[in-house]
Amino acid sequence: MSSRTPRPFMHPLCGADLATLVRVLCANGGVTPRALPQVAVALLVAGARLPATLAERAWVSARLRNACEMPPPVFIIGHWRSGTTHLFNILSRQGFSYVSPLAAGMPWDFLGLAAALGPVLERMLPRERFIDGIPVEPDSPQEDEIPLANMSPVSFYHGIYFPKAFAANFDRGVFFESCTEDEIRRWTETFARFSRKVWLGGGRRRLLVKNPVHTARIRAIREIWPDARFVHCVRNPYEVFFSMRNFYDKLFPAFALQPHDRLSIDGLVLDGYRRIMDRFLADRPDIPDGNFYELRYERLSERPMEEIAALYETLGLDGFAEAEPAFRAYLDGVRDYRRNRYDDPEEDLAMIEDAWGRYIERWDYARPGG
């Protein structure tokens, strides 16, 4: 599977600013000879964009100083492969600002240079996400972790790009472990600034954010927006495990700039899920009930409009009646989408139950087909 994963010539780090790019390259132990052309292109692109990047940063700063206060965003959280993308695609149909493909790829430049080059850049977009085959359009909503990795050395994705330092980047990027106070402050400022910039570029509509990493960042988010809303997606942990194998099996060959063959994918999945869920469960009680909605992926698949209506009502969001036709049109368009199917041998099921038994019990799931 992983040997057939396409390796893009333009690495996601092509959207980084020069300072962040140099910093992560120096901090993570070099790259393989095979990756040198990708790194060279990223450095050239970052250097060539520098005047436009600085100009847009100054222009955005002036616009934000004169802007009204941004409404608290709505955050779609939940472990990877738990249905967050499906919900994001539905809710983004109407009424929200969100990260576009251009904003994800060029977070420093998407209101200026990227907008000017829009038709050219849009032709470079992949037809579909190679993880799960979901179509990618010029207006497809994107999570904000890749752009944050292009703006800060603290990000989960630096563990994908530099797998020799995966554990350190995972700890720093997801939990801020071993980060200095200054690094956390800089990340917080970058995150808040990028979010406000997306809100500004989206017509100042309420911001809708989807990012599985934010499942472990609730405390940091609420320090910026105490009244932020959260939608937590949960899915059968057995299915999450097998889908996460596919996730890493495709991400590493496509984006890693270093060898990744020594990593235990099963270990990454089992340990990562446990740590993220434990952090989420520790932080969940601090969120006011009217700012939190938990959604099961299975219910969203079976009766989506009922779930979305309940979500809007619980979170006190306006505009459901106006947005309902757009939601239904999108759902009709993906009615024939078929999810990936995976084998589930007995030894894997037992391994999952041994590691994640308390989460399976908490959310009342059973073995696939059980």
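**A pocket and a helix pair**

Visitor: Which helix gives the largest share of the lining of the second largest pocket?
Guide: First, a heads-up: this is a predicted model, where local features need pLDDT of at least 70, side-chain atom pairs count only at pLDDT 80 or more, and totals for chains, interfaces and linings use all residues. Residues are numbered from 1 along each chain as its sequence is written, and side-chain values use heavy atoms, leaving out hydrogens and water. Helices here are DSSP runs (H or I, at least four residues), numbered from the N terminus. The largest share of that lining, 6 residues, comes from α10.

Visitor: How do the residues of that lining divide into nonpolar, polar and charged?
Guide: Ala, Val, Leu, Ile, Met, Phe, Trp, Tyr, Cys and Pro count as nonpolar, Asp, Glu, Lys and Arg as charged, and the others, Gly among them, as polar. With that sorting, the lining has 9 nonpolar, 4 polar and 7 charged residues.

Visitor: Okay, over to α15 and α16. Is their arrangement roughly parallel or roughly antiparallel?
Guide: Helix α15 (residues 304-315) and helix α16 (residues 320-333) pack at about 150°, with angles running from 0 to 180 degrees between N-to-C directions of axes fitted to C-alpha atoms over the stretch in contact. Angles under 35 degrees count as roughly parallel, over 145 as roughly antiparallel, 65 to 115 as roughly perpendicular and the rest as oblique. So α15 and α16 are roughly antiparallel.

Visitor: Which residues in α15 meet α16?
Guide: Contact means heavy atoms within 4.5 Å. On the α16 side, Phe320, Ala323, Glu324, Phe327, Arg328 and Leu331 take part. Their partners in α15 are Pro304, Met305, Ile308, Ala309 and Tyr312.

Visitor: How many residues of that contact are charged?
Guide: The contact of α15 with α16 has 9 nonpolar residues and no polar ones. The charged ones number 2.

Technical notes. Helices (H or I, at least four residues) and strands (E, at least two) are DSSP runs, numbered from the N terminus.
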